[in-house]
2 protein chains.
Amino acid sequence: MKKLINAADRVVKDALEGLGAAHPELRVDVANQVVYRADSPVSGKVALVSGGGAGHEPLHGGFVGAGMLDAACPGEVFTSPVPDQMLAATKGVDGGAGVVHVVKNYTGDVMNFQLAAEMAADEGVKVESVLVNDDVAVEDSLYTAGRRGTGATLFVEKIAGALAEKGADLASVAAVARKVNERSRSFGIALTSCTTPAAGKPNFDLPDDEIELGIGIHGEPGRTRVKLTSAAEITKVATDAIFDDYPFDKGDKALVMVNGMGGTPLIELYVVFNEVAKELAAHGAEVTRSLVGDYVTSLDMAGCSITLCKLDDELTELWDAPVKTPALRWGV
Amino acid sequence: MKKLINAADRVVKDALEGLGAAHPELRVDVANQVVYRADSPVSGKVALVSGGGAGHEPLHGGFVGAGMLDAACPGEVFTSPVPDQMLAATKGVDGGAGVVHVVKNYTGDVMNFQLAAEMAADEGVKVESVLVNDDVAVEDSLYTAGRRGTGATLFVEKIAGALAEKGADLASVAAVARKVNERSRSFGIALTSCTTPAAGKPNFDLPDDEIELGIGIHGEPGRTRVKLTSAAEITKVATDAIFDDYPFDKGDKALVMVNGMGGTPLIELYVVFNEVAKELAAHGAEVTRSLVGDYVTSLDMAGCSITLCKLDDELTELWDAPVKTPALRWGV
């Protein structure tokens with residue numbers, strides 16, 4: 001294992017300390033592993049909290065800031081944060097208008113966020129929980145009942161965060177978050193495994209000439225393994241899987257993310273983006289907003305995921321609203 | 001070789017087509033491999049053009065847009081663009097106030113940009129050429145006489161681009177570009193080699209337990225190979241090399257980039273950033289601006305580079321000025 005780390009058991013805390021040092025607009029509680037907007041709680045604003053295992057950076061700490069998350073709590077690598085972290089985050093950001101939990105559909109995250117929500121309610125904080133389950137590759141998985149939550153998490157956090165920033169109430173923010181999830185679908189492809197610092201060796205074996213279609217963000221098994229083929233053919237498998245589940249037709253407008261898994265260079269992501277745009281065009285749909293880069297990663301895995309969200313005017317306007325976070329920033 | 005591509009000889013063109021599809025604020029001439037600001041030429045504004053081999057994305061195409069470059073011309077992977085591309089870019093963006101060429105110090109780039117500048121002058125376009133040579137690791141190298149140009153290129157393009165956007169004249173824009181280069185230093189570390197699509201195998205061999213200190217962005221040899229050690233020790237080698245050449249002392253303010261080489265996950269870059277901040281603090285200097293992510297890459301190489309620029313009020317203000325490009329965006 002070759003990693004730029006000090007020790008396997010210090011990776012998350014060292015990285016959090018670095019995040020705080022790099023971004024003065026954040027307040028990072030390294031000991032408890034919570035990343036806050038420096039100006040939180042924002043009085044009267046609905047707050048958004050998310051979290052999950054580390055190893056998917058910039059998700060979620062890199063999405064904390066004005067117009068997106070109020071706090072994020074990372075667990076250890078590929079391990080759910082504990083309810084106490086989520087409770088601290090929830091209480092720390094509540095400005096009196098309630099808190100939305102954005103929860104990716106993994107059993108540990110779901111259970112721990114539910115406990116945290118109950119504890120917060122006991123202390124008088126209103127919490128609405130929104131489940132993200134956009135990955136069409138498989139039903140049920142290594143850590144999931146139902147579909148996994150992957151790339152759409154970013155869309156949910158950005159768009160619901162924008163509505164919260166505008167002063168909407170708790171029910172409205174939760175509703176738009178659910179709407180984004182309902183209109184979003186993802187599919188991932190792995191060219192290689194990933195290596196967690198603690199394990200020190202690849203999570204799974206993938207032969208030199210094979211790729212895994214429908215991979216999860218922790219290397220959970222996908223649909224099938226096939227021989228490595230062209231970017232065009234790989235992309236078509238992914239977009240067909242999405243279209244089978246949720247068609248994009250003439251006149252539909254898509255927010256498209258081609259997301260790198262951590263070990264794939266940007267030049268390849270643009271090659272894939274080009275194929276996605278062609279597939280959408282073949283259905284009469286068009287790309288109206290896009291994101292190409294590493295946003296929801298799996299440590300050093302080579303590969304990518306494709307996430308499509310069907311935009312309407314409301315979602316487009318909220319997507320375009322100002323955001324100021326380490327990983328997504330515009331308008332400010 | 002596992003890559004998300006269609007064919008080795010189509011990578012650059014496919015990626016450029018994807019870049020154009022993803023970013024309507026750009027105009028991409030795929031056939032001639034030139035990326036333009038869609039609104040270029042901007043009348044009366046000094047224009048900035050850069051370019052170099054592909055494989056370092058988002059450099060340079062991802063830095064085209066308001067407040068940064070007016071055009072970029074990528075060559076094939078790790079291969080200089082030809083003078084005709086540079087000439088087309090230069091003529092295409094000249095708004096009557098002249099053009100600054102930002103040239104990384106590699107023999108091919110320097111020679112071709114010089115030819116392009118002469119051809120442009122023959123056609124009545126004033127060109128000022130600015131050489132970037134920030135890499136302190138080695139003097140002379142595989143493709144370079146003198147020092148290599150690496151991470152500071154981004155700083156030069158951002159800061160000079162901001163001054164051009166404010167309406168400064170050609171001499172002033174070139175002068176601030178040179179000032180940024182003079183005040184910036186870089187040092188890179190490779191954990192693995194990179195694999196070009198055309199070669200299909202790693203550029204060089206690096207044993208499983210060794211890293212290369214002072215690596216170049218095409219895998220050119222660095223200073224030495226050592227056993228893999230902690231992020232703290234690796235960072236200290238890099239920052240000591242920089243401080244030996246260009247001290248940072250009490251009260252100095254630093255713009256710090258911890259740049260991923262393409263195959264290293266963000267969580268590790270933040271671990272390294274944390275160590276850089278500590279090293280600067282040990283010298284009494286402080287981080288006042290920062291950038292952590294993949295900006296000047298070497299395809300799928302694992303590793304990172306550290307670039308420090310000593311800021312003053314002028315450079316800080318220009319760094320903070322609005323920029324709207326695919327890879328760097330704020331204020332708009």
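Biologist: Which strand of chain B is Gly303(B) found in?
Modeller: Bear in mind that this is a predicted model: local features need pLDDT of at least 70, side-chain atom pairs count only at pLDDT 80 or more, and totals for chains, interfaces and linings use all residues. Residues are numbered from 1 along each chain as its sequence is written, chains are lettered from A and ligands numbered from 1 in the order in which they are written, and side-chain values use heavy atoms, with hydrogens and water left out. Helices (H or I, at least four residues) and strands (E, at least two) are DSSP runs numbered from the N terminus, and the run at residues 303-311 of chain B, with Gly303(B) in it, is strand β12.

Biologist: Is Gly303(B) buried or exposed?
Modeller: We call a residue buried under 20% relative accessible area, exposed over 50%, and partly exposed in between (1.4 Å probe, protein chains only). Gly303(B) has a relative accessible area of 0%, so Gly303(B) is buried.

Biologist: Leaving aside neighbours within four places in sequence, which residue of chain A is in contact with Gly303(B)?
Modeller: Contact here means heavy atoms within 4.5 Å. Within chain B, the partners of Gly303(B) include Ile189(B), Asn259(B) and Met261(B). From chain A comes Leu4(A).

Biologist: What area is buried between chain A and chain B?
Modeller: 58 residues of chain A are in contact with 58 residues of chain B. Lys2(A), Leu4(A) and Ile267(A) lose the most area on the chain A side, together 20% of what that side buries. Buried area is the accessible area (1.4 Å probe) that two parts lose on being put together, summed over both. Carbon and sulfur atoms give 63% of the total, which is about 4,500 Å².

Biologist: What kind of axis relates the chains?
Modeller: Copies are superposed by least squares on C-alpha atoms of residues with pLDDT of at least 70 in both. Chain A goes onto chain B by a rotation of 180° with 0.0 Å of shift along the axis (RMSD 0.0 Å). That relation means the axis is two-fold.

Biologist: And which C-alpha of chain A is nearest the axis?
Modeller: The copies meet through the same surface, because 100% of the interface residues of chain A are also interface residues in chain B. At 2.0 Å from the axis, the nearest C-alpha in chain A is that of Gly263(A).

Biologist: What is the volume of the largest cavity?
Modeller: On a 1 Å grid over the protein atoms alone, a cavity is a set of points where a 1.4 Å probe fits but cannot get out, a pocket is an open set with protein on both sides within 12 Å along at least five of seven lines, and lining residues have an atom within 4 Å of a point. Points are joined across faces, edges and corners, and a volume is the space filled by probe spheres set on them. The largest cavity is lined by 21 residues, with Leu16(B) and Pro74(B) among those nearest its centre. Its volume is about 200 Å³.

Biologist: Which element of chain A supplies at least two residues of that cavity's lining?
Modeller: Chain B brings in α1 (11-22), β3 (47-54) and β4 (71-77). Chain A contributes α7 (266-282).

Biologist: How is the peptide bond from Leu59(A) to His60(A) set, cis or trans?
Modeller: His60(A) is in the loop between β3 (47-54) and β4 (71-77) of chain A. Omega of that bond is near -10°, and the bond is cis.
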